[in-house]
Structure formats: C-alpha cells, structure tokens
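This report walks a new reader through a few local features of one structure. Please look over the sequence and the model before reading on.

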Amino acid sequence: MSAESSERAPHAGTGASYAAAGVDIEAGDRAVELMKEWVKKTQRPETAGLGGLGGFAGLFDASALKRYERPLLASATDGVGTKVDLARKMGVYDTIGHDLVGMVVDDLVVCGAEPLFMTDYICVGKVHPERVAAIVKGIAEGCVLAGCALVGGETAEHPGLLGEDDFDVAGAGTGVVEADRVLGPDRIRKGDAVIAMASSGLHSNGYSLVRHVLFDRANMSLDQQVEEFGRTLGEELLEPTKIYSLDCLALTRTTEVHAFSHVTGGGLANNLARVVPDDLHAVVDRSTWTPGPVFDLVGRAGQVERLELEKTLNMGVGMIAVVPEASVDAALTTLADRGVDAWVTGEITERGDRATGAELTGDYAS
C-alpha cells in the first residue's frame, strides 16, 4: 500500500459494521439451532415434511381443509404485556411462552375454531441464544398443549432501543371452523347456563396494576415467601396461563355449546358481555366460587376496590362456556374428565333496562 493510500484510509478494516452497531447475526443463528428441537415437537400432520425452521415462511398443507363444507379461517394476535418484565427480573424464560400461546389460541377457540398454527415475534435488546431458545421452548410447549403447530417466527435485535436484558414477545395464530358451527351471540338463548372454568392465577392481564400495587406500594420482593401461596411471590406471579383450547373443543364434540368467552383484559363481566346478544343478559353469581389468594393480596395491598379488581383481573375464572340447560351435566362431566375445575356460575336472562350485557352479583364464597 502506498503512503498516499495509507493516509486516505488510515483505519482500514475498522469501519462500521452490523456487529459494531450491536446486532450479532451469529448469536441469532445459534438461537435458531437451539430452538429447532422444541419447534419440531409442535408438528401437526399438515406441517410434517414441509420445510424446516429458518426459512422465510412457515408452510401448512391447506388440503386438510377439504373435509370442511365451508371452512372459515379465524385469526388472532396478542402478547403477554408487562409480565415479561417479571420473567426478566427472575431470569425465568421458559414459561412466558405458555402465556403467549394461551392468549392467542383461546381467543381463536371462542368462535369454535380449532387452532392450526402459530408464529411468534421475539424482540430483544441483545440476542442471548440460550435465553431466546428458552422462550421458544415455552411457546412450543404451549403449542403442544393447544394442539397447534409452531410454523415459524422472528427474533429481532434492537440495540439502543432496548437494554441488553430487555425483551418482548408477541404471536399470531390461525384456526378453522365450519361456517355453520361458528359460536357466538346468535346462538345464545334465555335460560342458558353460564359455566365457569377456573384460571391458573392471574394469567397475563392486569400486571401493570399488580406490579404497581405489590412492588411500588407494598414494597414486596419477587423472592419473598408468601404463606398463602406456599411459594415465593415471583413464582406465583409467573404461573403460566392455563390453555383451554382443547378442553373447549372437546366440549363442542360432546355436547351443545352456544358460546365461549375468554376472560382477559377487562375482566369477567366485560368479556362475557361481548358474546351476549343485545336483548339478553348474563347474571354471574360470585358466591359460586372463591378467588385465589393472589387476587385477595392485590386487593388488600393496594386497597383496590372490588369493582376495580373485577374489571382488571380474571378473579379466578379464565374461560366461560354458555350452554343450554340440558347440556350442563354433559359439559361438567367432560371438563371434569379432562381435569378442568368448572362449575355453573350463572344464567342468561332477559336484558330489560340493564345497560350492560353481563353483571356479577352477590359476594364471593369465603
């Protein structure tokens, strides 16, 4: 190299690069390798042999839909909110995926759709391959519980926007339902029974309130042992969301179901009202169950009024089924056989002059 060229390029080989900007492509490739075994466990017959992880798009054999007379595709997308911050602080990454799957597939099943496949999006400040693989492991395990395939996803590294340990997750799912079997308000009738299915805890909603109350106001810590829980506060708060999709689909096969309602943000009454027709009303009796201790703790620690709790948290009910009175026994038997804690919690009545489609009455059982 001449002196002239040396002066013109005094720092040859030290120019800007993707890695210098904070994006590690090799770490991303290693994360993909680590997650492959978990994604493989989610295969359905419609995805077997159709490419592998790492492609630009996931494939699903749509010829399987030929058995439907008029197949309707259902789509849903969601995340898990600020619960990811607790996972980060605890260094536990293999459960948050259960929450993501539950939030997506249980929205699909509300209309009676069978979840077919999911894709995920994981955004991180820095790719730690083992950490990303642990997140995907949880998503894959959730997909197995939901009976759907994980056909692909994306891991994005956002240095400068997120801290090195920060991350967020989102997912989208697709399901299918026969057109004449779509569930919802059109099927609900006066006299129908409202069946509650127990939640596994807070699930993935209301964590902004929960974190504010327990950490900012009550000064509790994640590693604090809580007698009512029989474990630490962090372990209770990270309890994965229960996934109901296969249980709900089993109900539709064994008995008549008019509607489901997934109890997420907004609470039980607001979500149930979404599937109740304008001329009818759902009355839910609080005395039919006792909310778990985590709900009582949040209420006491933050002096949160009951109505505020109920419009933010699920209060111990994660899914609702609305069935004809004649189907109650069969529905409860099916759920019990599947290990789902369920009970009749209310009924469908005429709306009258009530302003909303659903309400909670009475006091919780002690």
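This is a predicted model: local features need pLDDT of at least 70, side-chain atom pairs count only at pLDDT 80 or more; totals for chains, interfaces and linings use all residues.

## Helix α10 and its end

Helix α10 spans residues 293-302, and its buried residues are V294, F295, L297, V298, G299 and G302. An α-helix has 3.6 residues a turn, so residues three or four places apart point the same way. The buried residues of α10 pack against α6 (207-217), α7 (233-237) and α11 (306-310).

Q303 itself belongs to the loop between α10 and α11, and its phi of about 50° is positive even though Q303 is not a glycine. Because its relative accessibility is 67%, Q303 counts as exposed.

## Two other loop residues

H203 also has a positive phi, near 60°, in a residue other than glycine, and it is located in the loop between β5 and α6. Its relative accessibility is 1%, so H203 counts as buried.

D180 is placed in the loop between β4 (167-178) and β5 (193-198), and it counts as exposed because its relative accessibility is 60%. Although D180 and R70 are 110 residues apart along the chain, their C-alpha atoms are separated by 8.0 Å.

## Aromatic pairs

A pair of aromatic rings is described by the distance of the centres and the angle of the planes. The count of aromatic pairs in this model comes to four. One of them joins F60 and F117, whose ring centres are 5.1 Å apart and whose planes meet at 40°, so this pair is tilted. The pair links distant parts of the chain, with F60 in the loop between α2 (25-40) and β1 (71-79) and F117 in strand β2 (residues 114-124), 57 residues apart. F60 is buried, with a relative accessible area of 19%, whereas F117, with 22%, is partly exposed.

W289 and Y364 form an edge-to-face pair, with 5.3 Å from centre to centre and 70° between the planes. This pair, too, links distant parts of the chain, since W289 is in the loop between β9 (280-285) and α10 while Y364 is in the segment after β12 (358-361), 75 residues apart. W289 counts as buried at 5% relative accessibility, and Y364 counts as buried at 18%.

## Around Y364

Together with W343, the residues W289 and Y364 form one aromatic cluster. The ring of Y364 also has the charged end of R286 over it, 5.8 Å from the ring centre.

Key
Residues are numbered from 1 along each chain as its sequence is written. Side-chain values use heavy atoms; hydrogens and water are left out. Buried means under 20% relative accessible area, exposed over 50%, partly exposed in between (1.4 Å probe, protein chains only). Helices (H or I, at least four residues) and strands (E, at least two) are DSSP runs, numbered from the N terminus. Contact means heavy atoms within 4.5 Å. Rings of Phe, Tyr and Trp (its six-membered ring) pair if their centres lie within 6.5 Å; planes under 30 degrees apart count as stacked, over 60 as edge-to-face and the rest as tilted. A charge sits over a ring if NZ of Lys or CZ of Arg is within 6 Å of the ring centre and within 35 degrees of the ring normal.
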